[in-house]
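Subject: Handing over a structure, with notes

Dear colleague,

Please find the structure we spoke about below, together with its sequence. My notes follow it, and I would be glad if you read them with the model open beside you.

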Amino acid sequence: MVGSGASQSEDEATRSAPADPTEPTEPAETTTDWNTRAALIVFVAYLVVAFFVLLFHFGDGRWFAGDEWGFLSNRSLSDVPGLFAPQNQHWSTVPIVAYQVLFKIFGLNTYQPYMAVTIALHLLLAGLLRIVMRRAGVTPWVATVTAGAFVLYGTGQDNILLGVQISMVGSLVFGLIQLLVANHDGRTDWRDAVALGAGALAIMSSSIGVPMVVAVGLAVLARRGWRAALIQTVPLAALYGLWWSSQRSAMGNVTAAVTEPGLLWDWVRLTFVGVFRGLGHYPVVGVAMAGVLVLGLVLAWVPLDRAALRRLASEPAALLIGSVALTLLIATQRGGFLVFKGEAAPQSSRYVSMATALLLPALAVAANAFIERWRWTAPALLVLVLVGVPANIDAFSQPGVLAHPAFQQGQRRFVEAIAASPLLKKVPREVYPDPWEFGTDQLTVGMVQDAKKAGRISVATDVAPPLRDKVDMRLRMTQSGPGEVIVDPHGCTTHSEPLIIEPDSGERFSLVAPLSIAREQDDATFTIPTPYDPSSSGTVLTTQFPDMTLRIAPVVGQTTFTWCDPV
């Protein structure tokens, strides 16, 4: 059996590696070594300080956006099928349950508890990576410095400060727990059951759990043999397949799914360019870091015998392969566009952060190998790992547009203004006030009504005129979500001058191109125009109130608009 030789060379395997923390061991000198304890104490203290810095400083001004509304709207703990319904094609039961519990306690009155969970998961991820490094034979301080560089990793700030990333970061954390618990010597025992439970939580958090299970399977295969690897993968594959088949009709088309080798290669290449750029900041440092990774792994692993190699290399090597598998999975689902919102999509914060996390243990092993062979390289390697930290800390002040506190606070003011609107009770519960794909796209009127009644949302007391008019128009002329489409619009004409209409309540119109709508007020003036765009929202407009005079006009920057007859 492949794993039968794992214990035959115990002396060789443990000469350069700490004892496996998942296995009972005799007291050893390393457990009382002050240097080991000092490195651990420094790392834990750093995590504690980082938690408060991230939450109260870098996280200041954040609020709900995007997929977070999918965890909250039209979901409840009592609706079991809804807990298993996909969110943006992910199996998201774990984050949905977490958000529902937090919502019952805190509502929408504060965002910090939601963000605190993701921050805590990120810091736990850094701690688990350090454990992987130590189990792979990395010395305490090299592991502390390398894992510590990931703690304030501003390049990957989406996976730290966006509450919604409880999903993907959760998959990484549960996947690493499965790896650390399952990858032991000896026969199958209770640890394998615990590991399977962690793996189940990984795939129930997001689709990122799938490549994590692959990484665990590879590590266990290398160390324990094919039977143990099958135990850790086949049940989870069956579980995920069962969920997928039951939810296939609700999945829709996978966004921009691609399989072209050239495009997949571009995604992998650009993602890992982003990884080394994020870690090193300067191009020359990133190139040097990549060189250290390759040469250092050769130095670390080539001299080992088979048993030691299985024990020391299985976890970092499997995670390194897992980082590529993860990137390929993302590429097959999101690879239809290499540029998104003006930046390279493969180098977006969340993707680079996940690939970086899975690559770091191998980088630590490589750096450690250089230092063990040539002690004089330690200062240079220390600088190599830490030189990018200041730039990563500075990156927290430069979030992307959709993650910027200014944008998110605008979303907060909009939702709180909806809660204050006198029209709120008169609009159907299923209406989306603003189904814009990257904003409050899944927030319904019903959710705002319920949150207001339960005291779980702050109600605006002073709404600025532009926002007041936007809320008023969005509740009077509502826009469907992306799922509702009028297949055959008719009577569509292009206009260069404003069009005045008086629609009946309940009339529906096809929205085929961007335009703006304003309502005539009692003083014969019109409200500030509100833009409607079908490209990232719904394509159906519905009049919710009678006796309205509306002015249809082009949006800012355009000279014409298209208007269609009622359907």
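Which residues of α15 are buried? Before I answer, a word on the basis of these notes: this is a predicted model, in which local features need pLDDT of at least 70 and side-chain atom pairs count only at pLDDT 80 or more, while totals for chains, interfaces and linings use all residues. Residues are numbered from 1 along each chain as its sequence is written, and side-chain values use heavy atoms, with hydrogens and water left out.

The buried residues of α15 are V285, G286, M289, V292, L293, G296, L297, A300 and W301. Here buried means under 20% relative accessible area, exposed means over 50%, and partly exposed lies in between, with a 1.4 Å probe and protein chains only. Helices (H or I, at least four residues) and strands (E, at least two) are DSSP runs, numbered from the N terminus. Helix α15 covers residues 283-301, and at 1.5 Å a residue its 19 residues should span 27 Å, which agrees with the 27 Å between its end C-alpha atoms; the expected span is 1.5 Å times one less than the number of residues.

Next, the strand β7. Five of the five residues of this strand (residues 515-519) are buried, so β7 is largely enclosed by the rest of the structure. L515, I517 and R519 point one way from the strand, whereas S516 and A518 point the other way, and all are buried. Two strands are taken to pair if DSSP finds at least two bridges between them. β7 pairs with β8 (residues 530-532) in the antiparallel sense over three bridges, and in that pairing I517 stands opposite T530. Strand β10 (residues 550-553) is also antiparallel to β7 and is joined to it by four bridges, with R551 of β10 as the bridge partner of A518.

Turning to charged side chains, a search of the whole structure finds 14 salt bridges, each being a side-chain nitrogen of Lys or Arg within 4 Å of a carboxyl oxygen of Asp or Glu. One of them is between D434 and K470, at 3.6 Å from N to O. D434 lies in the loop between α20 (405-420) and α21 (445-453), and K470 lies in helix α22 (residues 465-476), so this pair ties together parts that are 36 residues apart in sequence. D434 is buried, with a relative accessible area of 9%, while K470 counts as partly exposed at 28% relative accessibility.

Two further salt bridges deserve a look. R468 and D469 meet at 3.2 Å, N to O; R468 counts as partly exposed at 43% relative accessibility, whereas D469 counts as buried at 5%. R476 and D472 meet at 3.0 Å, N to O, and these two residues, four apart in helix α22, are separated by about one helical turn. R476 counts as buried at 14% relative accessibility, and D472 counts as buried at 13%. Elsewhere, D185, R223 and R311 are linked in a network of salt bridges.

How many disulfides does a search of the whole structure find? The search finds one, a disulfide being a pair of cysteine sulfur atoms within 2.5 Å. It joins C492 to C564, with 2.0 Å from S to S, and the link is right-handed, with 105 degrees about the S-S bond. C492 lies in the loop between β3 (477-479) and β4 (493-495) and C564 in the segment after β11 (561-563), so the pair ties together parts that are 72 residues apart in sequence. C492 is partly exposed, with a relative accessible area of 34%, but C564 is buried, with 0%.

Finally, the surface. V210, V214, L218, L221, W226, L230, V234 and I321 form a nonpolar patch with about 640 Å² of accessible area together. The elements that give two or more residues to this patch are α12 (209-224) and α13 (226-251), and the largest share, four residues, comes from α12. I321 lies in helix α16 (residues 306-334) and is partly exposed, with a relative accessible area of 47%. Patches are made of residues with over 30% relative accessible area and no salt bridge, like charges being joined within 9 Å and nonpolar side chains (Val, Leu, Ile, Met, Phe, Trp, Tyr) within 5 Å; accessible areas come from the Shrake-Rupley method with a 1.4 Å probe, and for residues only the protein chains shown count as cover.

With best wishes
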